[in-house]
Amino acid sequence: MTSRTSTQVSHYHIQKSRRAKFLEDWRANHRTVVALEDVAMHESARGDRIGVYVGADGDRQTRTMDALAHEVDPGVTTTVHRHSWDVMVFVVAGNGWFEIDGERQPFGPGDAVHLPSWAWHRVGNDPDASSTVRYLTFSSQPMLETMGMAVLEDAGDAEVSTLPGRPPFSEHLDGDDPYARRVRRLSREQQARRSGRLHTDWDSLDLVNTPRGTRTTFLLDKAIGYQASGITMAMFEIGPGRSQSMHRHPGEAWLYVVEGSGHSYLGTEPEGGQEHPWKKGDLIVVDHFLWHQHLNDHPEQTAKVVRIHMFDSLLETMRALCDPLVLFEEPPDHIRDAQAGDPTTVDWPANDRPTWP
Ligand SMILES: [Fe+2]
Ligand SMILES: [Fe+2]
């Protein structure tokens, strides 16, 4: 005789309601613009001030990336720490330095910096500096947390030379079996990941016209030598009264407004959508699969925005897993045809370093 354990609710039903709840919560979480004034800065245990644009520690849940603001006053050096995720930095104001595994990397306004996973790092602002350093960070921490791999190690004011290096790995194993091949493949991968570029100087940026009504440049991307977790940063500039053409793609694509003001349209077809105004210091959040377009409302000045998304890892994977679903779409013809945007007719200004506030 067999005995059976019967549960009131089947695995199927538990899973179904859990998935429904997850999506319900996520939809309640949708945002469009996080305004600068909605980001409260808090004194942190590291010695700087930290504010959350998007992230669990500011009660703004996210799945793949988070977005934080940091401020370091003159004379302050933060404590040193490291973590399993990596961080993309965009400097908003001030001149300071990052120390990455013991090596100093100076930076100025508009520069981009990569803090690799497991690299000890801290940031400093010299005592005779004239202004506070402010920078934004975009990290892969939430993505690693979904896999149970988000690890942080704080070392206080320890000398970096006394701390252990990055996790060791096996470099080589002879043989043509799957294990030996894995050892060599992962070794090559780690060597590449640990030798990527760390800094982009604003003065080296070269903005190039695109057919989308804007001009654009990479800030942090594998195309210019970075070895990051797939989060990329590019900057685009929208001509006065112009816009980027409408399109849609999966969520958690963000735009940080460096200069200028305008609005974004987000909506569905044919129902239509809403317009969301933005200004310098705001973060535009596209965290749903909606048609969207970013428009510069100023009649004379250009707008500069830094766009951040996890294209090279997560979105590439999603494209493969969802194929033949199209994840990057141009709009229907009647919308596309109505869009003007020849960037060659814009009188582009000199690309001066950003100012703050
Ligand atoms: Fe960090
Ligand atoms: Fe977009």
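Which residues of strand E20 (residues 283–286) are buried on one side and which on the other? I looked this up first. Leu-283 and Val-285 are buried on one side and Ile-284 and Val-286 on the other, which leaves both faces of E20 covered. I counted a residue as buried if 20 or more other C-beta atoms, placed from the backbone, lie within 10 Å of its own, as exposed if 12 or fewer do, and as partly exposed in between. Helices (H or I, at least four residues) and strands (E, at least two) are DSSP runs, numbered from the N terminus. In a regular strand the side chains alternate between the two faces of the sheet.

**Source of the model**

I noted that this is a predicted model, in which local features need pLDDT of at least 70 and side-chain atom pairs count only at pLDDT 80 or more, while totals for chains, interfaces and linings use all residues. Residues are numbered from 1 along each chain as its sequence is written, and chains are lettered from A and ligands numbered from 1 in the order in which they are written.

**The whole chain**

I found 5 helices and 22 strands in the protein chain. Its radius of gyration, taken over C-alpha atoms, is 23 Å, close to the 21 Å that the globule rule (2.2 Å times the number of residues to the power 0.38) gives for 357 residues, so the chain is as compact as a globular protein of that length. Along the principal axes, the C-alpha atoms fill a box of roughly 80 × 60 × 45 Å. Of the 357 residues, 35% count as buried.

**The sheet around E20**

I then traced an open sheet of 7 strands with antiparallel pairing, in the order E1-E20-E17-E22-E16-E15-E14. Strand E1 (33–34) and strand E14 (208–209) stand at the edges with a single partner strand each, so one side of each is left without a neighbour in the sheet. Two strands pair if DSSP finds at least two bridges between them. E1 and E20 run antiparallel and are joined by 2 bridges; Val-33 stands opposite Ile-284 in E20. Strand E17 (residues 253–259) is joined to E20 by 4 bridges, also antiparallel, and Tyr-256 stands opposite Leu-283 in E20. E16 and E22 pair in the antiparallel sense over 7 bridges, with Ile-238 opposite Ala-303 in E22.

**Helix H4**

Which residues of helix H4 (residues 311–322) are buried? I found Phe-311, Leu-314 and Leu-315. Seen down the axis of H4, these fall within an arc of 120 degrees (that of the directions from the helix axis to the C-beta atoms), so they line one face of the helix. The face turned away from the buried side carries the exposed residues Thr-317, Ala-320 and Leu-321. What covers the buried residues includes helix H2 (141–146), strand E16 (232–238) and strand E22 (303–309).

**Two domains**

I recorded domain 1 (33–193) and domain 2 (199–345), with bounds from an automatic or database domain assignment. Their C-alpha centres lie 25 Å apart. In domain 1, 30 residues are in contact with 26 residues of domain 2; contact requires C-beta atoms, placed from the backbone, within 7 Å. The largest share of the side of domain 1 that touches domain 2, 3 residues, comes from E9.

Terms used
Contact = placed C-beta atoms within 7 Å.
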